[in-house]
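Student: I would like to learn how to read backbone angles and strands. Can we work through an example?

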Amino acid sequence: MTKKNNYNYSLFTKGKLSLAIASVLLSNSIAYAQEKVVDENQEAEEIEVITVTGFRGSATRQLNNKRFSKNVSDSIFAEDMGKMPDANIAEAMSRITGIGIDRIDGEGSQITIRGVEGSLNNVQMNGVNMASTNSNAADEENAGSIDFSMMSADMLRSIEVIKSPSANHDEGSLGATVRLNTWKPLDIKEPRAVVNAKGVYNDLSEEWSPNLGLSFGENFSDNFGLTASVNYSKNTVRQDSFSNWNWRILNASANPVDENGESLTPVDPEGSRYRVYDPINYEKNYSIVETENMSASSTIQYKFNDNASVWLDFTYSQREKVKTQYNQTISHLFQGVTDNVIDVESGSSLVVSGPRARARNVAFEQPLDTDNTTIGLNYQHILFDGSWTLDALIGYSGSNSNKPIERSRRLQFNTGSDAAYVQPGSIDWSNGNGGILLAPEYTIGDQADGSFPSENIPTSSLQYLAQNTSNENFTYQLDLQGNVDFGPIVRVATGVKVVSQETNGQKFTFAADLGTTAIIDGEEVALRDITLADYALDFPASDYLTRVVGGSQNGWDIPDYETVYNTFAPDPLTSIDSAGRTLQEAFEEETPSRTTFDSQALYLMADYELFDGKLLGDFGVRYVKTEALARGRAGYNMKEFIEIDDEGNPIYDFEGANFTVGDTVYGDIEYDNWLPSFNARFMLSEEMLLRGSVAKVMARPRPNRLVPGYLINTRNPGDVTASGGNPQLEPTEVIQYDLAWEWYFQETAMVAVNLFYKDFLSMVYQKSEIRGFSDSECASAEQIEEGLAGQGQYRDLHCALMAENVDTSTDVNGDSGSIYGTELAYQQDFLFLPGWAKYFGTIVNYTYADSEASYVDAEQEEEAAANLAGFPMRNTSKHTLNATLYWENEGFSARIAANYRSKRLSNPSQRSGALWVDDRTTLDFSARYKVTKALSFDFSATNLTDSYNRTFITLVEGEEASGLLNEGSALDGDTPDWRTYVADHNGRNFRIGVSYKF
């Protein structure tokens, strides 16, 4: 008998275990390898199938999938075709235990799982590992992670997060493997089509944007079907932000005072000045971000007979994003500093005043075009009367990101050190009530609004920028599994997988000569002779940062960069250099960096059952061999220049403009990894179970981290920097343990406790240090002549600049680390309550994760190790909480979801400091009303708390003699957390839409 009911669940009765298993099978019957299969010998005395729709139905499938999984896992299911519970994939996954999300430009973009950053977690689309060229990352460490905001959640049928791997699971995940699954046609029993239309409103930009979707599925016969989904969205958000950067230990003024006005004397008896830890640069930013996304998916499936089928999965996503940003930076207040009010506890200034403040005004146009493609051709054949299964997969995944040179522009005005332009200025962090402001107030000269006089800021740079990155993966996989009768061993499996990955990257910069002239109002004017005042526009907002700092913050004059480019800049697609190339052609001729990974994997695995099936699980081993080859360029960049022909006309030398002098270099590495795994599930009763798991996992370093060669930037002789990759990087290896208890005390309710521990045997991190480069790393006279023609004044400087005090960063393998913690989960429909209250339900999960890592290598001094002692793993929050309360009955549903994520380490080595991301709480709401079976309306709001991202800095390498001590981990004790490094605010998003089902 089949019983349909929207909400009325009975408690477990006769045959309740078989009932739950049957429900899972009916709701998850597609043939993906990851979906659960029940032994045919399990017979039910009485099967009662309950069909549950809407969000409650999605939550119930989520609970059942977790319960009957062989691994520690969690999942999210669509409410119906084209109706995922959340429009954003990352925000949907925030309801899963152990997952934290990073919001970028106002929407969920990246995830961490159990404290492991996104680039170290494997993401699959229909079983194919997804490639990424993500340049939309929250920080450099996440640049290789998947940007989930590019894809519409409505194209998916389910999301599964597997935290304890088996031998047949791909390597590459330290936190979990994320499986994104679209709809498979032969599992749809009748034709379906859903059309969605929404309007999206950002309350900071005050702009409306469209969001459209179409999902379709039909079986044209019993053995042939097609599903397809197309989604389009456009969004415009505004971002108000500020940053205080380049923090250093500096001399305070001659007569500093504390916050109470008391005079301070140097702590160091041999010191002439009191020392403070302060930023050199104070920067305000205003941005408009426009994105246009299109995603599509399709599956074609053909069933030859009851034993053989083939299907082709295809997904594609495309994004065109343009970020237009204006900023003003005030700097050099400490040159001749006259006044200091110092917060003695932190050793940083609350007030700084100086006579020679400088300003820099910049306008960016930053386009980023990205597309991702995933294709999987699958074949499945059932052998030997159904006891064995052969699966084959040929997969492709590609990602491309492009910053088009004709639209990627940067215009800069800068006072420099010219005495005619500098102004007296001050910065004040104090709020007048003994507290500290989130953002300091600026005063420049006699302009109390904090803006720098535009006529004092001349042009300093006009640039075109270009970048291309591509990443392609080819996969060939064969798996064989079958039932056996060998004591407790009930099934064996083996398989082989071959993967070839190639990543390419190109960067190019062209700067126009400041001597370039144009005829303006009948006069010849040089680019270097114009000031911001000549092309100033009014600041576009009257409420800049108002909702962040709680009061008005003044804007500044912004440059009309379109007019400046049209007047002075060459056309990158038509202007010809001395070699007859356009700027675009010169960029295309640049030798790209390249990294290739070739890997072969082989696994053996066995499933076992003991005690009449109460204890079951698997054990096995996976062997992986990896060969990596990387190509890069070692050398240095110098100041750009322009050539003039005999008639005085400019010739843009695009090759010289890049000014990279050096050679192509190569590096390679090979390594083998043996990855054993063991999983167990023990039924304490029909409602209660225990899980245990132990496994060794690994993740390869991101491809760009392997690119060899230092690139030394000496364009600014006052701030020489160097960076480079490391082709000898080894993978990160982890041994992980899980122990879980789960109690399913009702058909729609459960409580779970999971203990986990991850022992990092090795890890990769970015090392920053001040170092010099030897004569052998300094370019030869021939290279100097070739690269610096016409720039003789730099020929004698570059080796001296590179000799010492170069701020250098590279990636290295660190010692070790660990993450350990507890996951708590609770889910229940409140059917025991009376009246309308019984239609409530909740999903709550909490994760506690403590961690410790070693961010030093064997060559570093003990002092450096002591400075970072007790530091946590990057991106690991101690506390993550997700809570959802929902109500659903008779076509109406509503839910409110809260997400909290506590402080976490972002970068342990930022000059002499460490960067930390502050805690953040968000609150989202959604509601849907079903007018008829076909027509429904919905509304949602994200970030109702109007929260923002904030990063702060702490002192790591102090000066003990000056009383500036290492402050340790910001997660412990009373470490000062008021020193804002960067903060950005995007406002709230509201969606209203209609859906029609055919």
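Student: What do β4 and β5 form, and how many residues are between them?

Tutor: They form a hairpin, with two residues between them. This is a predicted model: local features need pLDDT of at least 70, side-chain atom pairs count only at pLDDT 80 or more, and totals for chains, interfaces and linings use all residues. Residues are numbered from 1 along each chain as its sequence is written, and side-chain values use heavy atoms, without hydrogens and water.

Student: How do I read the strand labels and the pairing of β4 with β5?

Tutor: Strands are DSSP runs of E, at least two residues, numbered from the N terminus. Two strands pair if DSSP finds at least two bridges between them. Here β4 and β5 pair in the antiparallel sense over six bridges. Ile 104 has Glu 107 in β5 as its bridge partner.

Student: What is the phi of Asp 105?

Tutor: Most residues other than glycine have a negative phi. Asp 105 has a positive one, near 55°. Asp 105 sits in the loop between β4 (99–104) and β5 (107–113).

Student: Is Asp 105 buried or exposed?

Tutor: Buried means under 20% relative accessible area, exposed over 50%, partly exposed in between (1.4 Å probe, protein chains only). Asp 105 has 11% relative accessibility, so it counts as buried.

Student: Which way do the side chains of β4 point?

Tutor: In a regular strand the side chains alternate between the two faces of the sheet. In β4, Ile 99, Ile 101 and Arg 103 point one way. Gly 100, Asp 102 and Ile 104 point the other way. Six of the six residues of β4 are buried, so β4 is largely enclosed by the rest of the structure.

Terms used: Helices (H or I, at least four residues) and strands (E, at least two) are DSSP runs, numbered from the N terminus.
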